[in-house]
Each structure stands twice: as C-alpha cells, then as structure tokens.
Amino acid sequence: MSTKTRTHETDGHSKKALHYNPQLAQPKIGQEAAEIQPFGTIVKLPNGLSQKVCQDSVERLNQILADTMTLADLYHKHHWQVSGKTFYQLHLLFDKHYEEQTELIDKIAERIQLLGGLSYAMAADVAEATNIPRPPKGREEVPVQISRLLTAHEIVLQGAHASARKAAELGDDGTNDLLVSDVIRTGEIQVWFLAEHLVDVPLTQSN
Ligand SMILES: [Fe+2]
C-alpha cells in the first residue's frame, strides 16, 4: 500500500509532515459475487407460517405484483398520451390511480420479502411474467385507453380474489388482508371511476 507525504502549515512557523493513503477514499466499483438468494427460493423466517405456505403465497403475490406493475405502467402511458375534450380530468385521474397503484406495488413487494421470498423488480422480468396484454407504443383514443385499463384491472382483481381465498384457506391472514383490504378495494373503486366514463349519456340535452 503506497502512501504520500505532504507538508501542512499549522501555525505559520512550524511544518508537520502528514501521511495519507490515496486509495482510502477510492470507491471499489465493479465488484461481483454470487447471489445470496436465488429467485424462487424461500428463506424461513419466524413468522408463524410454514415454508410451504410462504412459498405458495409468494408465488401468487408475485403474479399479482407483475400484473399490478403493468397496470401502473399502463396508467402512466395513458396519463401522458391522453387527448381530447376530457384531457384535463383524465390526465389527473390516471395520475391519481397510478400513484395509488404504486403504493400497492410497494406493499405487495414488501409482503413477498417478509414472507422470505423475492419479489419481481425489473421491467424485463415483469414483462415476461404479466398476464396483461401489451399495448401498442402509439397513442390510442380515450375509450380504447379506458377499455385497456378495465381489462387490466379485471385480470388483477380475478387473481386477487382467487389468491385471497387461497391465503385464507392456508391461514396466511396477512396476505389475505393485503389482497382484500388494499388490492381488491382499491381496484374496485378505480374500476368504477373508469367505467363510468364509458357510459354514453348526453352532457347538455337529454335524449
Ligand atoms: Fe405527470
């Protein structure tokens, strides 16, 4: 290990030699090592649930996570690309729903981790795993945007209902509560707010 010497003026008269190692502040970048937990495995934590139950819940939650992350992305795409007379209200509504879905994503991902599993994190892995159809890159009309969102919501909700029932059956009350109180409740309200935009009623004069 090499050191360098520099002089330091302490009181204007005496000079003291200080030694320092120029490597000390150098970040050690580009490090590599094997994973400490491969994806799909469970670390047993003292959470009152068996490893088998945790494994089952983690697999189901990861599917709901991938679909929820895709739903949130769809909201962001439509928040940016929306057009037409209802631009302002939909731009804000899509953003509100996006934020709410983002909160759910964190709750689902952290539940997977606290069950000893590993959550999906990267977009490429989510794209492979999701059951939600991929939209085109281009801009679509408002009714098509809303229809896509409703389809995506239904996929998440169907998965959440089935997984909530399974979690209750297995005694995983925390997963059941997350799915019912957060994923299902939030999804149902968002579906309502979206679906009412597709009712064709007159704005100023009745039929
Ligand atoms: Fe924005």
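Author: Helices (H or I, at least four residues) are DSSP runs, numbered from the N terminus, and Asp67 is found in one of them, helix α1. The model is a predicted one, in which local features need pLDDT of at least 70 and side-chain atom pairs count only at pLDDT 80 or more, while totals for chains, interfaces and linings use all residues. Residues are numbered from 1 along each chain as its sequence is written, and side-chain values use heavy atoms, with hydrogens and water left out.

Asp67 is buried, with a relative accessible area of 3%, where buried means under 20%, exposed over 50% and partly exposed in between (1.4 Å probe, protein chains only). Not counting residues up to four places away in sequence, Asp67 touches Thr130, Asn131, Ile132, Ile155 and Val156, contact meaning heavy atoms within 4.5 Å. Although Thr130 is 63 residues from Asp67 along the chain, the C-alpha atoms of the two are separated by 5.0 Å.

Helix α1 (residues 51-81) also packs with helix α5 (residues 173-195), at an angle of about 25 degrees and with the axes 13 Å apart. The two helices are therefore roughly parallel, a term for angles under 35 degrees, with over 145 counting as roughly antiparallel, 65 to 115 as roughly perpendicular and the rest as oblique. Helix α1 contributes Ser57, Leu61, Ile64 and Tyr75 to this contact, and helix α5 contributes Thr175, Leu178, Leu179, Val183, Gln190 and Leu194.

Tyr75 and Phe94 are both buried.

Helix α2 also holds His97, which is buried, with a relative accessible area of 2%. Leaving aside its neighbours within four places in sequence, His97 is in contact with Tyr75, Gln190, Phe193 and Leu194. Of these, Phe193 is partly exposed at 39% relative accessible area, and it forms an edge-to-face aromatic pair with Trp192, 5.3 Å centre to centre and 80 degrees between the planes. Trp192 is exposed, with a relative accessible area of 53%.

Methods:
Axes are lines fitted to C-alpha atoms, for helices over the stretch in contact, and angles run from 0 to 180 degrees between N-to-C directions. Rings of Phe, Tyr and Trp (its six-membered ring) pair if their centres lie within 6.5 Å; planes under 30 degrees apart count as stacked, over 60 as edge-to-face and the rest as tilted.
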